[in-house]
Structure formats: C-alpha cells, structure tokens
Amino acid sequence: MHIAEGFLPPAHAVAWGVASAPFVVHGVRSLTREVREHPESTLLLGASGAFTFVLSALKLPSVTGSCSHPTGTGLGAILFRPPIMAVLGTITLLFQALLLAHGGLTTLGANVFSMAIVGPWAGYAVYKVLRRYDVPLMAAVFCGAFVADLSTYCVTSVQLALAFPDPGSGFLGALGKFASIFAVTQIPLAVSEGLLTVLVMRLLVQSSKGELTRLGVLLAGKRSRTETEAVAR
C-alpha cells in the first residue's frame with residue numbers, strides 16, 4: 001500500500017497532505033486527552049502502535065510504485081477509536097519512511113489518508129454496526145480488521161488512478177487495473193490480518209479485561225462475563 005517516495009505528482013502529494021492534516025490534528029488532541037485522563041492506557045497504546053508498525057512493514061511487491069502488506073490499524077481503531085489511530089498510523093508511516101525506506105516523505109500525506117484515516121474509520125464503522133446488532137465480539141473484530149485492511153487498498157487504488165489515468169479509458173480504466181492487481185495479494189492478506197487481530201484480541205480479553213471494559217470493547221456486567229467465558233472456551 002505504501003506509495004513510494006517521489007512517485008506521486010507534486011500537486012497530488014500536497015493535496016493528500018492537506019486532506020490528512022485535520023484528521024491528524026484532531027487525533028493528537030484525542031490522544032493527549034486519553035493519556036492525560038487515563039495514563040494506564042499508555043501500554044496498550046504502545047502495543048497498538050507496535051502491532052501496526054510490525055504488520056505494515058511486512059511488504060510484498062505489487063503495483064509499480066507501491067506494495068501490498070497488512071496494515072494492523074483495525075486493532076487500534078477498535079480499542080481507541082479512529083482519531084487516535086490516525087496519530088499512531090502517521091507515526092508508524094513516518095518512522096518507516098525514515099528508517100526502512102518504506103513509503104516516503106513526499107507521499108506521507110497520501111499514505112496517511114489511506115492507511116491511518118480511511119482504513120481505521122471504515123473498519124471501526126463495520127465493527128460498531130455489527131456490535132450494535134449483537135454480533136459476537138470476535139466475529140466483529142475479524143470483520144473490522146478485514147475491512148480496515150481492504151479499504152486502505154481501495155483508497156490507494158483511487159490515489160494511483162487519479163495520478164496516472166489510463167490513456168484510453170481514463171480514471172475508471174486505471175482504477176480497475178490497479179484494484180485488480182492489488183486484489184491478488186490483498187484479499188488473502190486481509191483475511192490473515194483479520195484472523196491475527198482476533199488472536200490478539202482474545203489475548204487482551206484474558207489479560208486486560210478491565211481496560212477493555214473501560215474502552216467499551218467489553219460491556220460491563222453479565223454480557224461481559226459471557227463474552228469472556230466464550231473467548232476462554
């Protein structure tokens with residue numbers, strides 16, 4: 001998903017940076033408030049950021065100027081909501097650009113918009129809708145992580161198609177080509193990420209039940225005990 005350094009036209013790079021900035025600023029405020037009011041959450045915040053960093057660094061070659069990999073953003077979005085994930089994702093992308101030459105500084109805005117903004121919001125929305133209709137926690141977590149991953153690549157396909165429309169069929173033709181190439185690797189990766197996120201959530205339910213209850217992932221009372229017992233089985 002990471003679009004490589006210098007690959008986007010300057011105007012596109014600037015536009016995606018401008019579009020991403022308000023979400024990141026809002027996320028910084030949300031993160032600051034979370035840490036100030038609940039300092040005990042810093043360990044789980046760090047774990048969410050590390051999960052994103054490790055998974056999104058596992059890249060596979062894909063479209064020229066980009067790559068395929070898990071994103072890891074669904075977990076943080078479910079735990080702390082998308083605004084905070086926008087900050088964690090931006091930090092992840094910045095460090096990967098500087099330390100791993102994965103992505104780039106000029107394309108940071110575009111990569112942040114797809115992986116740290118749209119992906120978390122899409123995954124969180126699916127998760128919340130499913131939970132509202134009493135879908136079991138782990139099924140909702142799987143679907144949320146799956147959608148967060150796959151929607152990231154849909155946005156990346158749009159970004160590349162806008163920058164490099166097909167000479168004959170224009171934007172839609174380019175979008176179909178980019179999306180179809182990504183789909184070969186990304187759909188299996190999204191399924192794998194969903195399963196891994198479920199595994200991590202199961203561990204968190206066992207080790208951090210109180211924190212998950214405070215965050216609203218587990219509901220207090222009888223339903224929380226029922227879900228915890230279901231995970232244990």
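Which hand does the crossing of α3 and α7 have?

What you see is a predicted model, in which local features need pLDDT of at least 70, side-chain atom pairs count only at pLDDT 80 or more, and totals for chains, interfaces and linings use all residues. Residues are numbered from 1 along each chain as its sequence is written, and side-chain values use heavy atoms, with hydrogens and water left out.

Let us start with the overall layout. The protein has nine helices and two strands; these are DSSP runs numbered from the N terminus, with helices being H or I of at least four residues and strands being E of at least two. The C-alpha trace spans about 60 × 35 × 30 Å along its principal axes.

Of the 233 residues, 49% count as buried. Buried means under 20% relative accessible area, exposed means over 50%, and partly exposed lies in between (1.4 Å probe, protein chains only). Contacts, meaning heavy atoms within 4.5 Å, tell us how the chain folds back on itself: among those with a separation of 6 or more, 74% join residues 24 or more positions apart.

Now for the way helices meet. Two packed helices are described by the angle between their axes and the distance between the axes. Here the axes are lines fitted to C-alpha atoms, for helices over the stretch in contact, and angles run from 0 to 180 degrees between N-to-C directions.

The crossing of α1 and α5 is left-handed, a name used if the near helix is turned anticlockwise from the far one by less than a right angle, with right-handed used if clockwise. On the α1 side the contact includes Trp16, Phe23 and Val24, and on the α5 side it includes Phe113, Ile117 and Trp121. By class, this contact has nine nonpolar, three polar and no charged residues. Ala, Val, Leu, Ile, Met, Phe, Trp, Tyr, Cys and Pro count as nonpolar, Asp, Glu, Lys and Arg as charged, and the others, Gly among them, as polar.

Helix α5 also packs against α4 (82–99). The axes of α4 and α5 come within 9 Å and cross at roughly 145 degrees, in a right-handed crossing. Among the residues in contact are Pro82, Met85 and Leu93 of α4, together with Met115, Trp121 and Tyr124 of α5. This contact has 14 nonpolar, four polar and no charged residues.

That brings us back to the opening question. α3 and α7 cross in a right-handed way. Their axes lie 9 Å apart at an angle of about 40 degrees, and the two helices are therefore oblique to each other. The contact draws on Thr73, Gly74, Leu75, Ile78 and Leu79 of α3 and on Glu193, Thr197, Val200, Met201 and Leu204 of α7. It divides into six nonpolar, three polar and one charged residue.

Leaving aside residues up to four places away in sequence, Glu193 touches several others, including Leu55, Pro70, Ala145 and Asp149. Over in helix α3 (residues 73–80) sits Gly76, which is buried at 1% relative accessibility. With the neighbours up to four places away set aside, Gly76 touches Ser48, Arg81 and Met85.

Finally, visit two loops. Ala101, in the loop between α4 and α5, has a positive phi of about 55 degrees although it is not a glycine, and it is exposed at 62% relative accessible area. Asp134, in the loop between α5 and α6 (137–163), has a phi near 65 degrees, a positive value in a residue other than glycine. Asp134 is exposed, with a relative accessible area of 54%.

Conventions
Angles under 35 degrees count as roughly parallel, over 145 as roughly antiparallel, 65 to 115 as roughly perpendicular and the rest as oblique.
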